[in-house]
Each structure stands twice: as structure tokens, then as C-alpha cells.
Amino acid sequence: MTPDVILFLILAVVAIASALGMLLSKNAVYSALYLILNLATIAVFYLLLGAPFIAMVQVTVYAGAIMVLFLFVIMLLGAEQLRRARTLGWQQPVAVVLAVVLVAEATYIIFTKTSSLPDIEAAEAGFGSPQAIGELLFNQYLLPFEITSVLLLVAMIGAIVMTRDGKKKE
Amino acid sequence: MIPLSWYLILAAGLFSVGLYGVLSRKNAVGILMGIELMLNAANINLVAFWRYVDSDSIAGQAFAIIVFAVAAAEVAVGLALVISVYRLRKTVAADEIDMLKW
């Protein structure tokens, strides 16, 4: 067992466990904190895959900005605990069955279809650096990049319009 | 070296956990968190496939960055919707938001 295999296995256990913790904790704040742990382990997976810039973006954008937004909304609305509502009795078992079927299918496909991939060699230094990604984004993928920026602008305007208090006008 | 299929199985597991969360949680914010988990699993797949199949170009990483931006936009709009619904109905439980149900 090489060190990266051991690291992968430990990280995989942490990732799955924190995802399950996110699901099973009743308090939404704890769910969000588990999700932050999960996103941080995914960032380490990106480092293992040789994508340092993606890993840093994962930590800053996901584990930082997006999860702060989540925690902010949870605490703003006081939505940590739902009061005991009427429940859909069949919903829980159906969800379990669907999720288990999906993971079984995916594992089957992965084991039967991806056996013929070549081993990869280590990337040379500087590969996938922020500079290279920036050059790629601003030259070859300029149009998708600009479309993404317009999408973010639209989302920002939409969020402001929807959360504005319509009653307190004038 | 770690086989590609390990990454794919990990991503499939995370995706399924996220799917279970989306289907079973009652808190609308929790549902959004499940969607985030699913997007992250898809992103692991993107980066893993880039690394193992097409590691000569770095287009896979550019794709992953665009997924980040889309996820950020999705969370902003989704949480704004949750706040807006909370103003109207004083609840974030997804099965109490049934105005469309007749």
C-alpha cells in the first residue's frame, strides 16, 4: 500500500461519514458543519488528483462562501430544528431504496466498463497551475466564461429582488 | 496509483447520499445541501476523468470551475427562494409548502 492509497482510503471514509452525518443530524447547523468537513475532504481529493487550483477554489468558494451563506440563512430564519410536522410515511423507505439502487448501479457500471484505462504518469511541475488555467479560460473558453459571469449577475439580481421586502416601500 | 474506479465509486456514493438527502429531508435548506453534495460528486468525476483520460489538456479543470460558478449561483437563488417562502408561509419545511397542491 503506497501512501496515497492509504490517504485516499482515510479520506474516503471521512467523506462518506461526514456526508452521512450531514444527513442524519437533526439540527441544520450541524448538517452545515458536516457538509463543510465533507467539502474540505473533497478539496484534498482534488489535490491528490493533481489539481491544486481547483482545490483552493473548492475551499474558498464552497467551504467558505457558499457554506457561510447556508449558515447565515439557517440562523437568520431560525430553521435549525423543524417543529414536528406531519410526515409522509412512505417517503423515507422509498428514498433509501432509490439511493441504494443508484449506488449499486453506478458500482456495477464502473466495475464492468472502466477496466481498460491506462495507468497515469505523474504530471510535470506547473501543470494545472492557476496561470495555465487562467490562460485557458481567457483564451479558448472566453465565451463560456463570460456566459458564466452573466449567469452570476442574473443570480445576484434575482436573489436581491426575491429577498427584498416588498411591503415596506415608500 | 489509485485506480480511477475508486474515485468513481466514491463519487457515486456521495451522489447517492446527496440524492437520499434531497428525497428524504424536510428542511428546504437541507434539500439544498443535498444538491450541493450531488454537484460536488459530479465535480469529483469531472476532475478524475480529466486526470485519468485527458490529462494533456487542462480543459477538465476549466469545466470544474464553471461548475463552481453555477453552483454558487444556484445556492444564491435557492436560498433567496427559501427566505422568500419563509416570509410568506413562516416555515421552511418542504412538505408544508404546498400552495400548488390542490
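This briefing describes the interface between chain A and chain B and one arginine of chain B. The model is predicted. In it, 79 residues of chain A are in contact with 73 residues of chain B. Together the two chains bury about 7100 Å² between them.

- Carbon and sulfur atoms account for 77% of the area buried between chain A and chain B.
- The two chains share 9 residue pairs in polar contact, counting pairs with both residues at pLDDT 80 or more.
- The number of salt bridges between chain A and chain B is 0.

**The chain A side**

- Two or more residues each come from helix 1 (3–24), helix 2 (28–48), helix 3 (52–77), helix 4 (91–113), helix 5 (130–139) and helix 6 (142–163) of chain A on the side that touches chain B.
- By residue class, that side of chain A comprises 59 nonpolar, 13 polar and 7 charged residues.

**Arg25(B)**

- Arg25(B) is located in the loop that lies between helix 1 (4–24) and helix 2 (28–53) of chain B.
- Arg25(B) counts as buried because its relative accessibility is 13%, and buried means under 20%.
- At 2.8 Å, the side chain of Arg25(B) reaches the backbone oxygen of Met22(A).

Key. Residues numbered from 1 in each chain as written. Chains lettered and ligands numbered in written order. Predicted model: local features only at pLDDT ≥ 70, side-chain atom pairs only at ≥ 80, totals over all residues. Heavy atoms only, no water. Contact = heavy atoms within 4.5 Å. Buried area = accessible area lost by both parts, 1.4 Å probe. Salt bridge = Lys/Arg side-chain N within 4 Å of Asp/Glu carboxyl O. Polar contact = N/O pair within 3.5 Å; in protein donor to acceptor, adjacent residues only side chain to side chain. Helix = DSSP H or I, 4+ residues; strand = E, 2+ residues; numbered from the N terminus. Nonpolar A, V, L, I, M, F, W, Y, C, P; charged D, E, K, R; others polar. Buried < 20%, exposed > 50% of the residue type's maximum accessible area, 1.4 Å probe, protein only.
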